[in-house]
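Hello,

Here is the structure I said I would pass on. My notes on it follow below.

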Amino acid sequence: MSVRLYTVLISITLTLLAGCKSDETSDAPEGMIFFRGGEFRVGTEEGEANEGPPFTVQVKPFYLSKHPVTVAEFRAFIEATGYKTEAERFGNSGVFNVEIGEWYLAKGATWEFPRGPDQPKAEDNHPVTQVSWNDAQAYCQWAGKRLPAEIEWEYAASNSNSEKKLYSWGERLVEDGEYKANVWQGHFPDSVNVEDGFLYTSPVGHFGANEAGLTDMGGNVWEWCEDTYRYYEGNKTIYDEDPNQKVIRGGSFLCDEKVCHGYRVTARSFNSRESATMHMGFRIAQDAPQLRAGNEQEQTN
Ligand SMILES: [Ca+2]
Ligand SMILES: [Ca+2]
C-alpha cells in the first residue's frame, strides 16, 4: 500500500470515528481557534472616551491564534526569511526602565533582546515583542495569516458574547487568590511589587484560557490589530485620523488598573506602525469558511 493511500485511509477512519463531524471546526489550523461570527455589540458606554458609543456589527467567521506569537515562532520566521525587523534596522527600540519609571530608546533592543543586549535574552515561550506593525505584517505574510481586525479581537476576547464581562476571563483580576493576568501591581510607574509573579512578559498561557480557549487576551503584551486607529462613529471626540496609527488591544504587563486598565476587553490604544516596544506583540488570524446551513448545532467552539 502506498504511503499516500495509507494516509488517506487513516484520515477517513479518523473522520468516521469523530462521528462524521468533518465540518469546518475540525479543520481549524494548528494553534488556532474557530469563531463562528454573528451579531456582536462592540464597545461600551462605561469605559474610556474612545470605547463608545457601542455599535452592532456582523462578524464573519474567522480563526484566531490561541496565544500571541511566541519568540520561538518568530525566530522560525527570521531563520526562514532573513527578515530584519524595524528595531534592528533603526538600531534601537522602546524600553521602559522600571527603576526610573521612564520610556527610552534602548540601543540594540530587538525581538531577541527586548531590553537591550546587556539584558537577558527573550525566552522562547514568551510572546515576541519589539516588533512593529510592519514586522507583524511581514510575519503574517510568511505564515499565510493576517492580523485580527479590531472587532474580531474584541469579539474573541468577549467569548463571542455581546453581554461582555469586564475581562476576557471574568469580572475580577484576582480570583480565589490567584491573578488571572500578567499586569502591574503597585502604583505605575513609581512602585511595583510583582504579586502576579512577573515584572516583564510571562510565558504564553501561564494565566489560563478564557471560555473560548484563548490565552493572554488581557495583559502580558499589547497586541497589534489590522485597523487604523479611529474613534467609533457617533463619538464626539475631535481626532485627526492618521493612517500610520494602528490599533493595539489587550493591555500589557505595564498596565496598572488605576492608570491605564488596558486589559479590559473593550479597552483600546494605538501606536505608529513602525514603532516597537518591549510590551507590544501580536497574534494571528485567518478567514474561516462560512458555516453550512443546518450545521450550527455541531459547532462547539
Ligand atoms: Ca506582572
Ligand atoms: Ca495581551
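Apart from its neighbours within four places in sequence, phenylalanine 77 is in contact with Tyr83, Tyr139 and Trp142. The model is a predicted one. Phenylalanine 77 belongs to helix α2, and it counts as buried because 20 other C-beta atoms lie within 10 Å, where the cut-off is 20 or more. Between phenylalanine 77 and tyrosine 139 there are 62 residues of separation in sequence, against a C-alpha to C-alpha distance of 6.6 Å.

Just after α4 comes glycine 144, with a positive phi of about 70 degrees.

Next, a sheet. It is open, has 3 strands in the order β1-β4-β15, and its pairing is antiparallel. The edges are β1 (32-35) and β15 (285-287); each has a single partner strand, so one side of each has no neighbour in the sheet. On average, neighbouring strands here are turned by 25 degrees against each other, direction ignored. Strand β4 (residues 62-65) is joined to β1 by 4 bridges, and leucine 64 in β4 is the bridge partner of isoleucine 33. Across β1, β4 and β15 lies helix α5 (residues 150-157), which runs at about 75 degrees to β4.

Regards

Definitions and conventions. Residues numbered from 1 in each chain as written. Chains lettered and ligands numbered in written order. Predicted model: local features only at pLDDT ≥ 70, side-chain atom pairs only at ≥ 80, totals over all residues. Helix = DSSP H or I, 4+ residues; strand = E, 2+ residues; numbered from the N terminus. Buried ≥ 20, exposed ≤ 12 C-beta atoms within 10 Å, placed from the backbone. Contact = placed C-beta atoms within 7 Å. Pairing = 2+ DSSP bridges. Axes fitted to C-alpha atoms, helices over the stretch in contact; angles between N-to-C directions.
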